[in-house]
Amino acid sequence: GRVRVAFFTHDQSAAGDATSSVALCKLPAGKVRLLLGSSFMRVNWTTGSATLDLGWDAYTKMDGTTQIADPNGLIDGLDVDTAGYYSGEDLGALAAVVAAGGTKVFESKDGVVIRATSQDKAIASGDDLIGYFLYVVD
């Protein structure tokens with residue numbers, strides 16, 4: 001399949017709560033391989049000691065059953081205490097993602113929403129998150 005790009009940008013318009021989350025993009029239906037090792041994001045979450053989790057919302061699998069949401073299924077606790085750029089190994093740090101070559105395969109009927117969450121600190125007004133995920137539809 002061809003490599004495709006899901007570009008995302010989010011500028012927080014008001015202070016959030018701890019466990020605030022942002023739906024970054026929706027991957028298309030079918031078999032989609034997310035290429036985290038080749039993706040990139042700039043995180044400017046200014047609250048001290050902030051960490052970012054990256055995962056997915058619940059979705060319908062190809063067999064009609066529900067795959068439960070996993071808010072940290074891709075990244076668990078990435079330290080984003082100061083503004084910075086993250087790519088490659090930063091975005092595929094979980095063992096299961098590393099074992100799959102920095103990728104994650106989703107097979108869905110209706111697509112999959114990729115979500116960033118601040119588990120421990122509120123996202124402040126004016127904080128932003130911008131970048132892109134590369135993926136392949138098989």
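Biologist: Let's start with serine 118. Which residues is serine 118 in contact with, leaving aside its neighbours within four places in sequence?
Modeller: Serine 118 is in contact with Ala18, Thr19, Ser20, Trp45, Thr51 and Ile123, once its neighbours within four places in sequence are set aside. Keep in mind that this is a predicted model.

Biologist: Thanks. And where is the place of serine 118?
Modeller: Serine 118 sits in the loop between β10 (112-117) and β11.

Biologist: Is serine 118 buried or exposed?
Modeller: Serine 118 is buried, because its relative accessible area is 1% and the cut-off for buried is under 20%.

Biologist: You mentioned Thr51. Where's the place of threonine 51?
Modeller: Threonine 51 belongs to strand β4, which covers residues 51-56. Threonine 51 is buried as well, with a relative accessible area of 17%.

Biologist: What is threonine 51 in contact with, leaving aside neighbours within four places in sequence?
Modeller: Its contacts include Trp45, Gly77, Leu78, Asp79 and Val80. Thr117, Ser118, Gln119 and Asp120 are also among the contacts of threonine 51. Trp45 turns up for serine 118 too.

Biologist: Let me step back. How many helices and strands does the protein have?
Modeller: There is 1 helix, and there are 11 strands. Reading from the N terminus, the order is β-β-β-β-β-β-β-β-α-β-β-β.

Biologist: And how much of the protein is buried?
Modeller: Of the 138 residues, 41% are buried. The accessible surface comes to about 6,600 Å², and carbon and sulfur atoms hold 49% of that.

Biologist: What share of the contacts joins residues 24 or more positions apart?
Modeller: Such residues account for 82% of the contacts with a separation of 6 or more.

Biologist: Is lysine 26 buried or exposed?
Modeller: Lysine 26 counts as exposed, at 53% relative accessibility. Besides Val113, lysine 26 is in contact with Asp110, Gly111 and Val112, leaving aside neighbours within four places in sequence. A polar atom of the lysine 26 side chain lies 3.2 Å from the backbone oxygen of aspartate 110.

Biologist: On to the rings. How many aromatic pairs does a search of the whole structure find?
Modeller: The search finds 4 aromatic pairs. One of them is tryptophan 56 with phenylalanine 106, whose ring centres are 5.2 Å apart with planes at 80°, so the pair is edge-to-face. Tryptophan 56 is in strand β4 and phenylalanine 106 in strand β9 (residues 103-108), 50 residues apart. Both tryptophan 56 and phenylalanine 106 are buried.

Biologist: What about tyrosine 59 and phenylalanine 106?
Modeller: Tyrosine 59 and phenylalanine 106 also form an edge-to-face pair, 6.0 Å centre to centre with 75° between the planes. Tyrosine 59 lies in strand β5 (residues 59-60) and phenylalanine 106 in strand β9, so the pair ties together parts 47 residues apart in sequence. Trp56, Tyr59 and Phe106 make up one aromatic cluster.

Biologist: Last one: which residues make the nonpolar surface patch?
Modeller: Val5, Phe7, Ile130 and Tyr132 form that patch of about 370 Å². β1 (3-11) and β11 (128-137) are the elements that give two or more residues to the patch. Tyrosine 132 is found in strand β11 and is partly exposed, with a relative accessible area of 30%.

Definitions and conventions: Residues are numbered from 1 along each chain as its sequence is written. This is a predicted model: local features need pLDDT of at least 70, side-chain atom pairs count only at pLDDT 80 or more; totals for chains, interfaces and linings use all residues. Side-chain values use heavy atoms; hydrogens and water are left out. Helices (H or I, at least four residues) and strands (E, at least two) are DSSP runs, numbered from the N terminus. Buried means under 20% relative accessible area, exposed over 50%, partly exposed in between (1.4 Å probe, protein chains only). Contact means heavy atoms within 4.5 Å. Accessible areas come from the Shrake-Rupley method with a 1.4 Å probe; for residues, only the protein chains shown count as cover. Patches are made of residues with over 30% relative accessible area and no salt bridge: like charges are joined within 9 Å, nonpolar side chains (Val, Leu, Ile, Met, Phe, Trp, Tyr) within 5 Å. A salt bridge is a side-chain nitrogen of Lys or Arg within 4 Å of a carboxyl oxygen of Asp or Glu. A polar contact is a pair of N or O atoms within 3.5 Å; within protein, one must be able to donate a hydrogen and the other to accept it, and residues adjacent in sequence count only if both atoms are side-chain atoms. Rings of Phe, Tyr and Trp (its six-membered ring) pair if their centres lie within 6.5 Å; planes under 30 degrees apart count as stacked, over 60 as edge-to-face and the rest as tilted.
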